Amino acid sequence: MFGRREPVPFAFVAEADRFRSNVTPPPRERSSVGQMAGRWLLGLTIVAGLVGSLVIGTPALTSVKTADQPQQSQASERR
């Protein structure tokens with residue numbers, strides 16, 4: 001037939017490779033102002049959350065060790 005390795009049970013599946021439609025799809029509807037504003041607010045909220053978590057989490061990731069004070073636990077101070 002077309003040189004396929006496995007048999008195709010339906011003829012329309014075999015012809016689907018070369019079928020082209022002459023029907024154009026309908027144009028997409030334009031988004032309303034409310035939908036566009038909602039998308040912008042959602043994107044802005046996500047970006048602000050990521051930036052906020054980065055700003056809040058960055059000090060916890062820094063390792064600042066002071067050489068002046070030796071590390072002591074709170075349990076050893078209560079004697």
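Modeller: Helix 2 has the highest mean pLDDT (94) among the elements of the chain, and helix 1 (residues 11-15) the lowest (58), where pLDDT is the predictor's confidence in each residue, from 0 to 100. This is a predicted model, in which local features need pLDDT of at least 70, side-chain atom pairs count only at pLDDT 80 or more, and totals for chains, interfaces and linings use all residues. Residues are numbered from 1 along each chain as its sequence is written, and side-chain values use heavy atoms, with hydrogens and water left out. The chain averages a pLDDT of 77, with 54% of the residues at 70 or above; where pLDDT is low, the predicted coordinates should not be read in detail.

The chain holds three helices and zero strands, helices being DSSP runs of H or I with at least four residues and strands runs of E with at least two, numbered from the N terminus. Helix 2 covers residues 33-61, and because its 29 residues at 1.5 Å a residue should span 42 Å, the 42 Å between its end C-alpha atoms agrees; the expected span is 1.5 Å times one less than the number of residues.

V55 lies in helix 2 and is exposed, at a relative accessible area of 55%.

Terms used:
Buried < 20%, exposed > 50% of the residue type's maximum accessible area, 1.4 Å probe, protein only.
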